[in-house]
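Dear colleague,

Please find below the structure that I am handing over to you, together with its sequence. My findings follow directly after it.

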Amino acid sequence: MVSAPHEAMHRIFQECPGLFSRLSDVLGLELPPLTSAEPLTVDLTETEPLERRVDTLLRIETRNDGPFLLIVEAQGKKDPGKTASWPYYVTYLNNKYRLPVLLLVICQDHATAAWAARPLTIGLPQWPTVTTRPLVAGPHNMPVITNVAEARKDLALATLSAITHADNPDVDAILKTMSVALRDTPESIAEPFVELIAQGLGNRPAAQQWRNLVAVDLSFYTSPLSEEIRDEGRAQGREQGREQGREQGRAQGRAESVLLILGARGIDVSDATRDKVTACDDPELLRRWLVRAAFVTGSEEIFGEETIADR
């Protein structure tokens, strides 16, 4: 099953195809100025019954050197199967579109990033016929952005940085920076980034931190995550209200029982005693009074030590 972090790591390139032009600087890749980028179908299925799909595929135009294809793969852990599939993706797409192909792998941990960066060779050890060299972006080379102005300058890059640093000890500061940067951003622009960060954090502890920030700093948004948080808050409020109602019901029932037992035993109940019993909303205290009501000789005796404490 595809995980939420997996989706977020490559879907951000579908939302912001031009992100690769800024990411190339982080990766140390010299490219001519890029003029446009558009998503292509990710289906690499052939006529034979074998389905192959890349995560995200973009056709990117450059100003002087013509177009090329960018494969974006999100990799959450080491997968020996990629040794065969990644070279296949590159050669298949090169043959289909007759364009240069780059493979970019996005990771969230150092071990997977180091594994993904290794050249993949097909051929003999002394003479590789095909070599695939993935570009890798992950916690080892993505900037840690904790400056609001820097985050606002490039929200897509800052979002990808937050996702790739999901396990960083400073992730709370990273996420707080993003929530502040998105606070004054038009909702239509900010919404995809709010959702992608939530997806990218998966079930990590930082995911709850992001939900808290969205609930407080970005509570005015109508994004799916914001609505989910609001629905949870309403449900929690209803449950708290029901529990409070149950507590009040228990207290009222016990108060009535205390007075009923005293009356059944023929003990005169003073107005002060009646008022104190009916005003009490502590079920445990009323339980003690209920027990005492069975054997006291005067109504005020049910209060026991509580009466002395009140004096």
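Arg59 has Leu69 of S3 as its bridge partner. This pairing belongs to a predicted model, in which S2 and S3 run antiparallel and are joined by five bridges. The two strands form a hairpin with five residues between them, and Gly66 in the turn has a positive phi of about 80 degrees.

S3 also pairs with S4: these strands run parallel, with seven bridges between them, and Ile71 stands opposite Leu103 of S4. From S3 the chain passes through helix H3 (residues 82–97) to S4, in a β-α-β crossover that is right-handed.

In a regular strand, side chains alternate between the two faces of the sheet. Both faces of S3 are covered, with Phe68, Leu70, Val72 and Ala74 buried on one side and Leu69, Ile71, Glu73 and Gln75 buried on the other.

Helix H1 (residues 4–15) reaches 15 Å from its first C-alpha to its last, close to the 16 Å expected. Its buried residues include Met9, Ile12 and Phe13, and the buried residues of H1 pack against several elements, among them S2, S3, S4 and helix H6 (155–164).

The largest nonpolar core has 47 residues, of which Phe13, Phe20, Leu23, Leu104, Leu175 and Trp210 touch the most other members. H6 gives the most to this core, with seven residues. Beyond four places in sequence, the contacts of Phe20 include Phe13, Ile60, Phe68, Leu70 and Leu104. A second, separate core of 22 residues includes Leu93, Val101, Ala113 and Leu120.

Yours sincerely

Conventions:
Residues are numbered from 1 along each chain as its sequence is written. This is a predicted model: local features need pLDDT of at least 70, side-chain atom pairs count only at pLDDT 80 or more; totals for chains, interfaces and linings use all residues. Side-chain values use heavy atoms; hydrogens and water are left out. Helices (H or I, at least four residues) and strands (E, at least two) are DSSP runs, numbered from the N terminus. The expected span of a helix is 1.5 Å times one less than its number of residues. Buried means under 20% relative accessible area, exposed over 50%, partly exposed in between (1.4 Å probe, protein chains only). Contact means heavy atoms within 4.5 Å. A nonpolar core is a set of buried Ala, Val, Leu, Ile, Met, Phe, Trp, Tyr and Cys residues joined through side-chain atoms within 4.5 Å. Two strands pair if DSSP finds at least two bridges between them. A crossover is right-handed if, with the strands pointing away from the viewer, the path from the first strand over the helix to the second runs clockwise.
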